[in-house]
Structure formats: C-alpha cells, structure tokens
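Me: I am new to this structure. Please show me how to read it, one feature at a time.

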Amino acid sequence: MREGTVTLIRREDYLAPAFWIRSVDLSFDLDPAKTLVTSKMRIERNTAVAHGPLCLHGEELNVLRVLIDGESVSFRQDGDLLLIDKAPDADFLLEIRNTCAPEKNTALSGLYTSGGSFFTQCEAEGFRRITFFLDRPDVMAVYTVTLRADKAKYPVLLSNGNLLESGELDNGRHFAKWHDPFPKPSYLFALVAGDLVAREQKVRTRAGRDHLLQVFVRRGDLEKTEHAMNSLIASMVWDEARFNLPLDLERFMVVGVSDFNMGAMENKGLNIFNTSALLASPATATDADFSRIESIVAHEYFHNWTGNRVTCRDWFQLSLKEGLTVFRDQEFSMDMAATPSARAVCRIQDVRQLRATQFPEDSGAMAHPVRPDSYAEINNFYTATVYEKGSEVVRMYQTLVGRAGFEAGMKLYFERHDGQAVTCDDFAQAIADANPGSALATRLEAFKRWYSQAGTPRVRARGVYDELARTYTLTLAQSNPASPGQEHKLPQVIPVALGLLGAEGQALPLQLQGETEAAGLERVLVLDQAEQRFVFINVAVAPVPSLLRGFSAPVLLDDGLSDAELLVLLQHDADAFNRWEASQRLALNRILAAVRSGQALQLDTAYLEAMRAVLKHAGLDAAFKELALTLPGEAYIAEQLEVVDPQAIHAAVEAAQIQLAAALREDWIATFEANSHTGAYSPDPVSSGRRALANLALGMLVLDAKAQSRADAGVWLGRAYQRFKDAGNMTDRLGALAALVNGHAELAEPALAKFHAQFKGDPLVIDKWFALQARAAEQGGRVFAKVRQLLQHPDFSLKNPNRARSLIFSLCMFNPAAFHRADAAGYVFWADQLLALDAINPQVAGRLARVMDRWTTLAEPYRSAALEAIRRVATKPDLSNDVREIIERALA
Ligand code: 0A1
Ligand code: ZN
C-alpha cells in the first residue's frame, strides 16, 4: 500500500477506557449562534487498566471552565483532546462548561439547526462536537438533561427518556428536564428543540404496559405521519411476537428533520428521522417511499434492543448492531407481506439491492470485511457491507440453526449481554451455544470468516447424472479473489439451499448417499471446504438443480445451467426467488454476450416468448412479473465483466429494452389496461405490485412509440401525459412522468414544468423532480447537459443532503451512461462538486467520493480520465479525513 496521510485506527489496538463515566447531568442554554453546555460527570477509574491521564474528546468547542469536585483543575488541550493529568484516584465529579455554534454546523454532526429548530446527530462521533466526553460506545452513562430556550421559538423541548419536569423561566424562556434510566453510550444521546407538532397514540403491549407514542414534525406535515405511526405500532407488535422483545420506555418519540445525513437514527427513546424516511401521503409519496418508511421506522425501533440495550464495544463491531437490525427489519417486512409470493418479492428486492451496492463495494477499492480491521474515519464505514452483507451473515445463522434455534440464540444473547457493550464474537458465541451440535456450532470458527474476510465468494456448481446408478453428483467449489490487504482467503461456511427438478418441473425427493430415506424436497447443503461432492441417490431422472434458493448465501454462483434448464426453473421452480433469478440470468447471458463480443444485441424468440409467458401468466402476481421483466441493473452487469465499458453496457440494455418493448407490444398494452386502475390508494403489496407493473408497461409503450416511430405513437405519448396529469397518487403520477422523461418525449418538458409548479412547496417532491431528471435514460448527452443546467436552478442547494443526493448523486452514482463520458466531463463535474461539498459536509462528501471505487476496471478512455480527476482531488491540501481516506484507497 502507498504511504497515506490519513491516520488509521486499528481493531487490534483496542484498549478498554482508563475511566468510566457512570452518570452525566447536562444542561443546555440553547442559542443558534452560541449554545452554552454544562456537563457534570460522575467518573471513576477503570482499575483494570494502568493509570493514565483523563483524556476527553472534544471538537470545535470553546471551553469555559473545568472543575473537579468543585475546584478548578489544570488541563491541557491537544488537538481534539482535553487532558487532565492529575485526576483523582477515587470517584470524582468533573464539571465542564463549554460553548458550541449550532447554526454554523453545516456538517450536521453534533448539535445543529435546521428550519429554525435544534437537532442533534451523535453517531458515530458527534457527541464530542457538543461537549467534552469519553465519546466511545463502551462508556455507558445514565443521562439527565435540562434544556433551556426561548419559549416562543422553541415551544417543544425533547431529550431521551422520561420528562421529569418543565416550566417557565425569565425573559420568555422555558425549560424541560429529562431523565433516561438506561445507561447508554454517548452516540445515543439526542435533543430536539423547536416549533413542532405531534401525532400521538397510546398503546398497551402484550405485556400489559401502557406507552405513549409520538411523531413530531413541522406544522403542516402532521397528516403525512399516519403511515409512520402505523409502522411503529406494527413494529412493536412484531418484535414482541417474534423475539419477545417489548418496549422498555413509557414514551417513544420520533422526530422528522429535513437536513439529515442518513435515513434515521435510533437515539434512545427519541429517534430522529430524515423527513424522506418519515413523511408520506398518497399524493406526495410513492409505493417505494411507503415501503421504505415502514422498514426504516421498524429498523430504528428494533435498534432499541439490538444496538441500544446491547451495544457495540467499539466501532469495528458496527455490524453487530447494523447487520442484525437490518436482518430484523427485512424479516419484519417479509412477515408484513403476508402471502408467500409477496414475501418472495421482498427477498428479491433485498437481493437486488445487495447486488447493486454491496457486490461492487466488495470487489472495489473500499472492499472491507463485515467487521473492518482499520479505518481513518468511521463515518466511511456505514456501508452496504456492514449493513446489507452483515444482514446476510445473520440470515445464514438462521439458515444453519433454523428459525427456532435462532430465536433461542437471540434469547441467550440478551440474557448474557443486556446492558453491555459487546463484540460480533459474543453474538456468534451466543447463537452457537444455544444450538449445540448444530451445523453452526460445529463450524463456528470457520463460519466467523464471514466477519474477517472481505470479498464475495464465488461458488461453482456442476452436476453429473448417472442414469444407470440413478445418482446425481453435485460438485461445489468455492474461491474468493484477493481484496486490498487480503491476498489469500480460507474457505467459508456457505449454506446452499437446494431442490432438484425433473425436466417437466416436478420436484424430486432428496436423499444423500448414506441416508436411509429421502429428506424432503428441499434441503440445505453446507459447503465448508474449497471443494466438496454431494451424491444424491435414487434420482429417477436427470435433474435440473435449483441452487442457492432464496439466495441462501451472499455469493456469486456459477451453475453452468443452459438456457433450457433456466427455462425449466423459470416456469416450475417451487422457489419464487429462483424463478426470478432464472429470468435475470436469461437476460444477463444475452446482454453479456453482446457486450463481450461488441456486436449489437439481438434478443431471440426463446427468450422473448418466455418473457411473454411470464407477462401473460394468470397465476403470477403483478409484483413478480414486474421484477422478472425488469432487466438486470447496469452496476450488476458491470460486476460480471473484467473490463467495464459503461457505454457498451448501456447500449446493450437499451437495445434489449427496445426489443422487449416492440416484441411484446400487444401484451404490454393488455398488461397496462389490466393494471392501470387500482382504485382507492393503499400501499399494500398487491395494489403496489399492480401499479409497478402498469408503470413498467407504460414505460415500454412510450419507449416503443418513440423508438419505432409508430404511426399511432401519439396515442401512447398522449395517454402517458394524461395519466401523469390525472393521476390519483404519486406512484402513478411519477411513473407516467418517468415514462415521458425516459422516452425523451416532447411532452416531457411541459409535464416537468407542471409537476414543479404543482409541488413547489414540498421539498421531498421537488427532490423527486431533480432525481427523475438526473436518472433519466441518457441519450446523446442530453441528460448530463440538463443536470448541469439544474445546478443553477433556484431550488438547488448543496447544503441540504437530500437535495445534493437528488441531483449530484443521482447522476454520478445511478446513471452510469450519463456520468461516464468519453470527454471526461462527468468526472470533472464529480471532482468540482465533491470539493464544494467537502467544505460543507464531509460525511456526505465521503459518500460521493465512493463513486470512483471501481475506476481501475474501466475501459479506456474512461480509466485514464477517471484517474486524472481522482488525482486532482487528491492534490487538494485541506481535504476532510472522510474524503481523503476514500481517495487514498482509490489510489492505493
Ligand atoms: N445508526 C443509524 C444510521 C446512522 C449512522 C450515522 C449517522 O450519522 C453519522 C446517522 C445515522 C441507522 O442504522 O439507522
Ligand atoms: Zn441501523
């Protein structure tokens, strides 16, 4: 590795703290320009650790005084540390008074203002931007918090836990005092002060306790909180029913804020949400928004146990809480989906997301294990690997020990570790100990390689049928290519769920050599060696294997199946995930063949007829049809190639789309007619699936009208415009608008203008307006030119993360064909925006820097041009640690 300028923090260097902070009494005199913070901490030495100075974190703070047991004490400041050399041996009270400047805080970490209110964001290391502290997750304290502020401007004053008292003060000010009885790490602290209103709901849990649920938002947004409240109640019910985990506070508050770096934050009893993850009404939010809100509300609520009651010892263990909580929110969404088919749709969407974001991460410059070994800036490690791959790892525990075994493991985990800050190893041990003799417990050390080895394992599967012996021998082999800092990998424990199908699609009984009888029609093989053979006996006919059902492990599978075999799976597989997978593989094979050969893509009748059959199938759900007929994403296609030409990939996908649109035209018409009226809006899986399919069909019909210059082209363009104009909900409206914009129809401009005029008062909808244009299908550089124009739009601002994401990230991350230009203008744009953003908000800039993770795989001229842009950024002397780390890794 090249010598870098960032300082790495290493997991192996972990040391327990020299002091514990047992309780803290905080008081805030809130003022946007200068807020006064007084902190009184009860501190004791950690006798298990050698003596050292008391060393507190603090960033961008102005210290006013430091007292120990009421006496002033000498201290020194060294960078972002405050050191007290002569701390007493016995327990003591440390009082620190300091100020900070919330309105200048554009990084949105620590205490900041948004829309005239105060909010905090303390994960991972924001608390040190509020006051001096041992700002590390293994220091857990009981917090009492007093807030004082102008009553007219900030009528609502909130912090964690329970309200102890509130009242009036002089000069139009008032106060509120909060107490959280649960010891917590500083990253879970929160306060909110502002002019907010709340939707409230009283609930009684199964355990018979009463709770008050509140969702706080700005005046005018109250009617958009019903879905979030319903989601919160559903999450509470589910966590009690599935894992026996009840709410432990009398009051549970959720607050929306428009300026927020991420989706939401699980502060104890006071979750803070990006409004984009909270507010929804049928007129302003799409089905995708409704489902995202449901899962984020659940995610934050589930953290109360997995993250808050049991937290992380250090930030390397981030996936302990994040992987587990994503797994829990995914399970919740599946359970909410009700029908088996709707469950499969959830799973497919999660896997699509994993493949689009985590797989590229795992093979790029930022590849890191689920439990990273080092970081310069922890904010850079809130990644798809820690979250989504982490969730897949938790899912594999469940697959290996069964659902009941996993629940027993969770029970043991809480019995052992409630109130503690622990590690991924502690979690693994609890699940294994609750399931002695299981496929997990007998392979625990090898299984834990999922935490230590980066990279997506490849699994190669080949089967041989012996007609005479009636045996089917399946050989599974695994390998994992090198990742940065990890040359050689050891075999991982890979659960492979499978079934075998006869040529007519019938499921075959599964009996392994050595077994006395068949064990059902589906089972889980455990691959834990570099190569293993599994011999099935009494196999009546040559089977088609359906491997990795439900995506039972986060691997890249090469099963060598022919088109004919994939068609059998597409039609008959009992596993809906693998039916969908077959549809994707059929498309992928064709697109890859075209890209690799450099020849124009020509879809064959076999594929087109298979897709027609899916579209016309009376027994398949609309949601499934939409997923099967949507082509693989360009990022996932790129993942399959050693050298990536983004324009060639885009051209192949575009050609496939045009041909699918033309060949199935009559079926698209029938599909649109059958699904375009879903009645009164409800975000349930059946009607949202129908809306998704209608939108896909409409997109195809508009595309086809333009591409084929059909005589009746105006009909579908006109119908799309009319549907846009008359839509009864945002899903239909945005779908029709997208059809016009992606089809580069003349009516797109007037529609966009009308949309903007109609929703100009609603920032979340205006975000959609920007994003739709920046993500539009590129055609001759028009999209890129439009984005540059939109940078000057009066509604655009780099300061609001949602807005920056809607325009800049949409182009650079989600529109490869518009971004990767032969003239390098996309890369120049990226570097300019990255540097501007870094001066405002390093955390969000760090995300944007990630766009170049995979530059080394680009074909020329993209590769050289990308390198030049990255180097230009690297030469900037005052880059944030966040961006510097990403850029240095890209250049390593
Ligand atoms: N823990 C939150 C995500 C989160 C992480 C960091 C943040 O700011 C630096 C904000 C939120 C979650 O998993 O939902
Ligand atoms: Zn989380």
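Predicted model: local features only at pLDDT ≥ 70, side-chain atom pairs only at ≥ 80, totals over all residues.

Me: How many helices and strands does the protein chain have?

Reply: The protein chain has 27 helices and 32 strands.

Me: What does the radius of gyration say about the protein chain?

Reply: Compare it with the value for a compact globule. For 892 residues, that would be near 29 Å. The protein chain has 28 Å, so it agrees with the globule rule. The C-alpha trace spans about 90 × 70 × 60 Å along its principal axes.

Me: What share of the residues is buried?

Reply: Buried residues are 53% of the 892 in the protein chain. Of the contacts with a separation of 6 or more, 70% join residues 24 or more positions apart.

Me: Now helix pairs. At what angle do α3 and α4 pack?

Reply: Look at the two axes. Helix α3 covers residues 318–337, and helix α4 covers residues 340–362. They pack at about 150°, with axes 7 Å apart. An angle over 145 degrees counts as roughly antiparallel, so α3 and α4 are roughly antiparallel to each other. Their crossing is right-handed.

Me: Which residues make that contact?

Reply: From α3 come Gln330, Ser333, Met334 and Ala337. From α4 come Ala342, Arg343, Val345, Cys346, Arg347 and Asp350. By class, the contact of α3 with α4 holds five nonpolar, two polar and three charged residues.

Me: Why do residues three or four places apart point the same way in an α-helix?

Reply: An α-helix has 3.6 residues a turn, so residues at that spacing point the same way.

Me: Are α20 and α22 parallel or antiparallel?

Reply: Read the angle again. Helix α20 (residues 763–774) and helix α22 (residues 801–814) cross at roughly 5°. Their axes come within 8 Å. Angles under 35 degrees count as roughly parallel, so α20 and α22 are roughly parallel. On the α20 side, the contact has Asp767, Phe770, Ala771 and Ala774. On the α22 side are Asn802, Arg803, Ser806, Leu807, Ser810 and Leu811. The classes here are five nonpolar, three polar and two charged.

Me: Which residues of helix α9 are buried?

Reply: Helix α9 spans residues 563–572. Its buried residues are Leu566, Leu567, Val568, Leu569 and Leu570.

Me: What do the buried residues of α9 pack against?

Reply: They pack against two strands, β27 (494–501) and β31 (544–547). They also pack against helices α10 (576–597) and α11 (605–616).

Conventions: Residues numbered from 1 in each chain as written. Chains lettered and ligands numbered in written order. Axes fitted to C-alpha atoms, helices over the stretch in contact; angles between N-to-C directions. Helix = DSSP H or I, 4+ residues; strand = E, 2+ residues; numbered from the N terminus. Parallel < 35°, antiparallel > 145°, perpendicular 65-115°, else oblique. Left-handed = near helix turned anticlockwise from the far one by under 90°. Contact = placed C-beta atoms within 7 Å. Nonpolar A, V, L, I, M, F, W, Y, C, P; charged D, E, K, R; others polar. Rg over C-alpha atoms; globule rule 2.2 N^0.38 Å. Buried ≥ 20, exposed ≤ 12 C-beta atoms within 10 Å, placed from the backbone.
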